Amino acid sequence: MHLPHPKYQRCMVFAGGGFRFGIYLGMYAAARDAGRAPDLLLATCGGAIAAAIIQALPDDAQRKAWLNSPQMYRFWGSLQPAPQASIVRTLAGAARRKLSRQCAPRVPDVFNDYLFEIPPQLPLPPPAARSEVTVATIGGQLLFGPADVGQPRGKRKLFAQTVFGPQRVAALVQGMASPFADPRWGDHAVAQGVQTDTTLPLDAAARMAITDFYYFPSYRHGAGHYIGGVVDLFPIELAHRLADTVMLEFKESFDQHFEIPAWRAVLGLDGNQRLRHVNAQPADVWFDTSDVAAALPVQPVQRQLQWWRNRIVLAQPIDYAAYVRAMDAQWQYGYQRGQEALQRPVPGDTAGMRNVDRYNRGEE
């Protein structure tokens with residue numbers, strides 16, 4: 001296949017991570033110190049925050065300082081529960097999804113069925129006019145409107161994977177099929193092709209990317225509405241399309257009680273099936289972060305159930321000094337995992353199958 005622009009040399013995938021996005025700053029620093037810095041960051045969900053900070057600031061010290069800044073600490077502490085985020089309502093919805101085995105049977109209400117309010121802008125540095133690295137961000141455009149919510153889906157596709165980035169990225173992506181176009185994925189709700197958008201500023205793309213269904217409301221851009229990078233959380237096929245060398249994580253599995261039913265209800269997909277499929281594919285570098293939940297138990301915000309209020313809230317259980325320590329721990333964890341991965345020989349095609357064997361044995 002002839003591509004209209006040269007591929008990037010190295011693509012590092014920042015695949016989610018919730019509020020542990022500081023690990024990606026450490027991974028990137030390790031790659032730079034090893035002389036293998038990527039010239040493209042492909043970001044989903046919380047990884048887009050790290051990518052935006054890296055693109056905007058020129059060195060590791062300034063990036064760490066921004067991550068540890070008081071404005072970042074105050075922002076995460078300012079998130080408020082949505083008016084409808086009651087414990088009873090939320091647990092009832094989760095129970096319905098758990099009991100249902102259907103793949104996205106109805107058009108989901110991503111406009112109103114969410115837990116937390118989030119400001120329209122993130123506390124990010126202004127994007128740099130020139131940077132050592134390009135950033136592309138993933139989102140999912142809604143192919144329906146509020147009037148369609150609750151209707152039977154049938155065979156209808158509800159989300160179109162969209163890549164936000166510069167013209168070179170858009171040209172390389174043009175004509176690409178969705179990784180879920182293969183019949184192996186069954187009757188899901190993701191469109192067959194991959195779209196591109198070169199108009200959304202990077203800071204807005206990062207805000208869009210963290211729009212996780214059932215957590216935050218859909219994000220509006222122009223005439224469209226979007227969910228975040230969860231529409232393709234592990235974009236290994238896209239990374240290979242964009243770059244000659246691909247670096248990404250070997251991640252922990254999804255929770256079977258809440259996360260997997262949510263994927264099935266909205267996207268019509270099984271997140272762990274997708275994870276196994278990705279881990280079976282070849283990549284040049286695998287960063288093993290499968291123990292991240294145990295290694296980094298402290299997060300800047302955590303969900304709490306306030307039974308006396310019948311509310312689910314995002315609470316900030318630590319003071320600013322503890323926040324800085326937690327962010328430093330994230331950075332150090334990412335740097336260590338980066339060093340470990342980059343010191344290994346470049347794996348062959350069997351590396352992914354070893355990951356699958358570990359996953360199936362429960363060693364993630």
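This is a predicted model: local features need pLDDT of at least 70, side-chain atom pairs count only at pLDDT 80 or more; totals for chains, interfaces and linings use all residues.
Colleague: What does the side chain of Gln-161 join in a polar contact?

Modeller: The side chain of Gln-161 is joined to that of Asp-232 by a polar contact of 3.2 Å.

Colleague: How should I read burial along a whole strand, and which residues of E13 lie on each side?

Modeller: The idea is to look at both faces in turn: in E13, Arg-311, Val-313 and Ala-315 are buried on one side, and Ile-312 and Leu-314 are buried on the other. Since five of the five residues of strand E13 (residues 311–315) are buried, the strand is largely enclosed by the rest of the structure.

Colleague: Which strand is joined to E13 by bridges?

Modeller: Strand E12 (residues 302–306) runs antiparallel to E13, and five bridges join them; Arg-303, for one, has Leu-314 as its bridge partner in E13. The hairpin of these strands has four residues between them, and Asn-310 takes a positive phi near 55° there.

Colleague: Why is helix H9 described as largely enclosed?

Modeller: In general, an α-helix has 3.6 residues a turn, so residues three or four places apart point the same way. In helix H9 (residues 259–266), seven of the eight residues are buried, so the helix is largely enclosed by the rest of the structure. The buried residues, including Trp-263 and Arg-264, pack against helix H5 (87–99), E6 and helix H10 (271–279). Just after H9, Gly-268 takes a positive phi of about 75°.

Technical notes:
Residues are numbered from 1 along each chain as its sequence is written. Side-chain values use heavy atoms; hydrogens and water are left out. Buried means under 20% relative accessible area, exposed over 50%, partly exposed in between (1.4 Å probe, protein chains only). Helices (H or I, at least four residues) and strands (E, at least two) are DSSP runs, numbered from the N terminus. Two strands pair if DSSP finds at least two bridges between them. A polar contact is a pair of N or O atoms within 3.5 Å; within protein, one must be able to donate a hydrogen and the other to accept it, and residues adjacent in sequence count only if both atoms are side-chain atoms. Contact means heavy atoms within 4.5 Å.
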